[in-house]
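Reader: I have a model to go through with you. Can we take it piece by piece?

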4 protein chains.
Amino acid sequence: MTGKIVLAYSGGLDTSVAIPWLQDKGYDVIAVCLNVGQPGADMTFIQQKALKVGAIQSYAIDAQDEFANEYVAPVIKANALYEGDYPLVSALSRPLIIAHLVKIAHEQGAVAIAHGSTGKGNDQVRFEAAIHALDPELKIEDPIRDFHWSREEEIDYAKDHNVPVPIGKKSPYSIDANLWGRANEAGILENPWNQAPDDAWGMTVSPEAAPDAPTYIDLTFEQGLPVAINGQTQPLADLIKALNKLAGDNGIGRIDKIENRMVGIKSREVYEAPAAAVIMTAHHELENLTLERDVAHYKPLIEQQLTNMIYEAKWITPLFDSLMAFIDDTQKVVNGVVKMKLYKGSAVPVARQSETNSLYDENLATYTSADTFDQEAAAGFIKLWTLPATVYEEVNHVHSQKPEDK
Amino acid sequence: MTGKIVLAYSGGLDTSVAIPWLQDKGYDVIAVCLNVGQPGADMTFIQQKALKVGAIQSYAIDAQDEFANEYVAPVIKANALYEGDYPLVSALSRPLIIAHLVKIAHEQGAVAIAHGSTGKGNDQVRFEAAIHALDPELKIEDPIRDFHWSREEEIDYAKDHNVPVPIGKKSPYSIDANLWGRANEAGILENPWNQAPDDAWGMTVSPEAAPDAPTYIDLTFEQGLPVAINGQTQPLADLIKALNKLAGDNGIGRIDKIENRMVGIKSREVYEAPAAAVIMTAHHELENLTLERDVAHYKPLIEQQLTNMIYEAKWITPLFDSLMAFIDDTQKVVNGVVKMKLYKGSAVPVARQSETNSLYDENLATYTSADTFDQEAAAGFIKLWTLPATVYEEVNHVHSQKPEDK
Amino acid sequence: MTGKIVLAYSGGLDTSVAIPWLQDKGYDVIAVCLNVGQPGADMTFIQQKALKVGAIQSYAIDAQDEFANEYVAPVIKANALYEGDYPLVSALSRPLIIAHLVKIAHEQGAVAIAHGSTGKGNDQVRFEAAIHALDPELKIEDPIRDFHWSREEEIDYAKDHNVPVPIGKKSPYSIDANLWGRANEAGILENPWNQAPDDAWGMTVSPEAAPDAPTYIDLTFEQGLPVAINGQTQPLADLIKALNKLAGDNGIGRIDKIENRMVGIKSREVYEAPAAAVIMTAHHELENLTLERDVAHYKPLIEQQLTNMIYEAKWITPLFDSLMAFIDDTQKVVNGVVKMKLYKGSAVPVARQSETNSLYDENLATYTSADTFDQEAAAGFIKLWTLPATVYEEVNHVHSQKPEDK
Amino acid sequence: MTGKIVLAYSGGLDTSVAIPWLQDKGYDVIAVCLNVGQPGADMTFIQQKALKVGAIQSYAIDAQDEFANEYVAPVIKANALYEGDYPLVSALSRPLIIAHLVKIAHEQGAVAIAHGSTGKGNDQVRFEAAIHALDPELKIEDPIRDFHWSREEEIDYAKDHNVPVPIGKKSPYSIDANLWGRANEAGILENPWNQAPDDAWGMTVSPEAAPDAPTYIDLTFEQGLPVAINGQTQPLADLIKALNKLAGDNGIGRIDKIENRMVGIKSREVYEAPAAAVIMTAHHELENLTLERDVAHYKPLIEQQLTNMIYEAKWITPLFDSLMAFIDDTQKVVNGVVKMKLYKGSAVPVARQSETNSLYDENLATYTSADTFDQEAAAGFIKLWTLPATVYEEVNHVHSQKPEDK
């Protein structure tokens, strides 16, 4: 008797097969499925299915608000776009899932945690990093990494153990989704010169199929987070879902890119993140209006570090916390409204205002009123601003002529 | 008699009025106009006009290739987007113009350089920084900053000195353009909540007015620079102009943003840079395919520094040169083709390949072939990767429970 | 009648002469002198002197604890050494002085602030930056910058206005000091090939004159700040003063360097900071023991930014606050003791411990106990750690031979 | 028959035992020993010993100049001090050793490389990273990592295979040394509160035992590298060895610290690097004199990245090369002389000059001559320098009072 194990359960074939497989190893399996906004998740059905295939206990947890407020919010505040464009969909749910699993493991006296990642991707690292951080004494099982089965062998094993097998042809796509977006990897996409086929997309229409007239929305932010669409306040999770629909219908949020996976290889990824595309563009423009220049110019360095850390499984680390202390401090003034134009694949800011925190003030900053002052100050500023490089050229003449050659 | 002065001459009212004004101060004025691809520039007419209003000599110089190869090229290689989105249009032409003016000053024995910037913007700093670097002994005159005239007084002065005055109402817009893009500042845009009116744009149609079918192009790069459209090789300046047309016709390249000007104020800017939008997006995606991961993750820090330096008048500095040594070294492997889809305002990569330098190799990097190897290596990697944060939690229990509380 | 002005008063000739000079301009002068630990400051005498030479009111404020706790403490936590070695002596007192002056200006209804910096150094920027930040409507007077007097003219003016003139030869040195250290600039030091003469130093003996036996001290830190010497707890200001004596007597804390002044020129500086040399070396070593690796490797970037900002007059800025939020978050675990050896000019750590936060734990981290685990994990780690560069070489063969050439 | 293997051979017990052990696995062993300046290395004896214990071929290579010029030189130019104080002794020889081993492997048609690192340290990663980069098809053997022997078992195995066993008690220390320094790890040092005993040091006398009078030397640099001591030019390797003697005799170069090892644990290290302490301090001070301010302030970021990469086994990577392109470009102007005072444990600059590249020029930069110019320019400079933070306070009043509260 090995003891209880808590399994991150999705309801799919892999994690369903994992239940008898872990039982064979002597574990009592406690299945836990989290709703993080993945579309079409029937939580009751999934909860029951786990019990049917052998779990001794099965949890279904609605974690959508927690996911939005604790995991997506930092990404918005930090403009976290991995390698410039990917808003970190899957990387965000892993530490949340593990936090719940470890809590249940402690409550239930379990000795181990199981997850269903392959041995070739990022997610195994994210799952296990979170387990190590939260309780390094918990044993980790990764059945999928250990199966070493072909698809046919897996199906045979499933049939032998009364695990329901999906009927019909297997989808060519491997999808991970939550309310912040959707990631798609597939054989056909592995040639980076192949264009993504129409059925690779699930949250967006194509820009060509989007409406012929633009949609304008006013997005209101408080302390760096969106709180209202067109003045209508709603919880972050709901606002994201509403925007996914609005923006997805306008063909917005498709990303098709080559990416550096943390295990050292490049992969071709097809993502959709409609709400993210709108929110993060608007957030950046509101920061342009409200952040002081030095903050605006330094924050991107912190952002890139944070982004890489999220991608690279370092959510539960002291550096993440300290960097977020920086980010949170900058967001106190990020209050205001950005008017976004959504049209056939693009989301662009067309107007912005901040009643309380705009640093663009026509009385302070326009050409006209600052006139006299600026023109005198500028000359002195230029002299000192350019002095070090001027002296450098006077001594070294890298770009300038030496006096004797003039 | 004060001596000769070399004037950066545009043919417009301000720099034309500057000629008699500088003569009044005792200078002999040598006018120099550079063609850096600003649309509609009739160089012969401008050259003659300078002589008519009093210049003792007048140069018209076609610097388009030099501008593209020496000033735009670094921006492409460095993905230089100021504050994330502005590809540095005006900042690029200033050091080029001054390089020519200083050369002519030396040839002609001039004692001073004049430029026509206002005292409230970035360009005065860029002009004067370049003059200081190339010859700090040259005196600098900035008539516009010194005029202290109202529009009416300027026109009266012009009429008194036989300077042609434009007929009709003054355009509400203040434009600076070259082959890399177009910047527009205007009274109506100074309220950031006002949307940019249709006539604010000059290089692009609106996305709504763009064709209903997408345009696909293959953009070929060699060592980080675009060399061919759909396989047709052309000089960089010509390629940029061709792309400005193609992309502008598809509504691509509009930027509407709040920006931190280097003199310390925020301004609202409306830019167009159609070719830049296509080239820089494609360049970034080709780097995703060809740059090693550490290079890909470190280069953005250098890029941001370089970008700020270009914006902030630090083109002719030793740090710029050293940073470009880094950038140039990274670009040797950025060879390949990116297929771009241009459609109603957006330019997105849909396919990419590099025959010689792709680090994405289906034989090396795909899930399938790396299978066995990866699954064993990953477990060890995860252990060491997460070890420091794991030990930190074991000691400090910031996110984890203390053993006695479990 | 111009109104009241608050003057940063030191008791020296320059700021004493400033009092009648400001009166001549029509101001009623309120003198304020702060004790920030400058050695030998007789605050009562200084306070009286201001009244004698014409101030309508005179404040003497003991700000030593405030200076240590609010201005020196961030420097310790952030290991702030400008250009690698200067612990920011003068830059720290300026914002503190201005905070008091602005408060008094508001209480007294003053319209202006005066400081006595030259127009060639850093301090004018630091004083005025703080005034601008705290109340941009306060007018600023800088008499010293405006005097345009020779030494003789200044003395004549002093005599005419009953300002006491120091007897005897003027010291060749210009000193600024507080409890954190002492800065010396002087004509003889302006040739960087000249060695600093013995009388240039004021807080330290020469290493040669220091005792022949080392002094060992145990320095205890709590949350990144020193709280006790050899177990004896004392307030930070007192601890610094005690260490200045201990370390200064051992010849520790002399710095002789070329420095980049923020106004664009290089200067040669001779500093002493005995306590700083000991505290900051010990603090860094305690961080080596208690900071998680990623924090330890990232914090220096933040530190350098903060350090430059302090030097460059950006203490009262939002970026400073946000960076300090990062720093403060890292210091929660910096608790422990470092044994320092002080001997003839050098202060080095020889032992260190942290009962509560050491991440070096012989049970967790030594060779012996981690044996089995490490040896298996390392192989996998190495494979994935080196994979991107390995693939790069396989494709590009920059350092390796092509297969056909082997 | 497995084929030929090239072994990194030191002459010590571990790598001697490795020869029969590899033979048992079927390899023909080719031993290669490099002289990288490790003290007391009798290369002929080592070469013969390898043959005696069974190698089919044995190389002894004097790589001292190559080591100094190709591996130490970048460290000097980049001021590369890991975690602020360790000049990277062992990390430097690993890629050099592997470069020779791979070359010999190719010449000899070997199929594998063997090194003798433990599985718990950094060196295994550095050796194997270099092998992967230079020829990923070469098999790697690490006998020491695979032995799983106690000391007694190793000695028994040695005796059984005619491997000479050292007589007497085993040294408690594990040493790695080359001409750049010496690293010592030992059981007694594993408690970080234990002070290093006298016999832990090998290249330096204690400061107390050093001469009572200081030694002054003039160190001349060309393009960032030291070329002469007191005017006497010598090759870099010879200069380093001469300085090791000079500085070591003055008690200089001892480092005692807690360090973050790249495999995720903290270790306590005792290093000696006398020449490095003098050269790197002098180099930094010469940079203070000759580097333009922006270069001086940006270079440390690049330096820290390079330093971590060297420590973390990333010598043969494209990012290393690109960063070195930056570093090399900055060093063109680092020419001049620094006078260093060596005294009882400390090496400090006391004078410095650069005839050709000093940016400190009394005519350009001193208080006196720049007087008039500075005083006017400063006021304008201060206004624009402080404008963004001033506006921020006017809007947000974080540190300042709101108008209504004044």
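Author: What follows covers an annotated site, some strands and a chain contact.

Author: This is a predicted model, in which local features need pLDDT of at least 70, side-chain atom pairs count only at pLDDT 80 or more, and totals for chains, interfaces and linings use all residues. Residues are numbered from 1 along each chain as its sequence is written, while chains are lettered from A and ligands numbered from 1 in the order in which they are written.

Reader: Which residues does the "binding site" annotation cover?

Author: In the unreviewed UniProt entry, that annotation covers Thr118(A), Asn122(A) and Asp123(A). UniProt positions are given in the numbering used here, feature names are shortened, and annotations may be inferred rather than shown by experiment.

Reader: Where is Asn122(A) found?

Author: Asn122(A) is in the loop between strand S4 (112-114) and helix H5 (123-134) of chain A. Helices (H or I, at least four residues) and strands (E, at least two) are DSSP runs, numbered from the N terminus. Asp123(A) belongs to helix H5 of chain A.

Reader: What is Asn122(A) in contact with, neighbours within four places in sequence aside?

Author: Leaving those neighbours aside, Asn122(A) is in contact with Ala91(A), Arg261(A), Met262(A) and Val263(A). Contact means C-beta atoms, placed from the backbone, within 7 Å. On the same terms, Asp123(A) is in contact with Ser90(A), Arg94(A) and Ser117(A).

Reader: Why is Asn122(A) classed as partly exposed?

Author: Because Asn122(A) has 19 other C-beta atoms within 10 Å. A residue is buried at 20 or more, exposed at 12 or fewer, and partly exposed in between, with C-beta atoms placed from the backbone. Asp123(A) is also partly exposed, with 19 such atoms within 10 Å.

Reader: Switching to chain C. Why is strand S2 largely enclosed?

Author: Seven of the nine residues of S2(C) (residues 27-35) are buried, so the rest of the structure largely encloses this strand.

Reader: How many bridges between S1(C) and S2(C)?

Author: Six, with S1(C) (residues 3-8) and S2(C) parallel; strands pair if DSSP finds at least two bridges between them. Gly3(C) stands opposite Tyr27(C) in S2(C). Six bridges also join S2(C) to S3(C) (residues 57-62), again parallel, and Ala31(C) stands opposite Ser58(C) there.

Reader: Now chains B and C. How many residues does the contact take from each?

Author: 22 residues from chain B and 21 residues from chain C. On the side of chain B that touches chain C, the largest share, 15 residues, comes from H13(B).

How values were computed:
Two residues are in contact if their C-beta atoms, placed from the backbone, lie within 7 Å.
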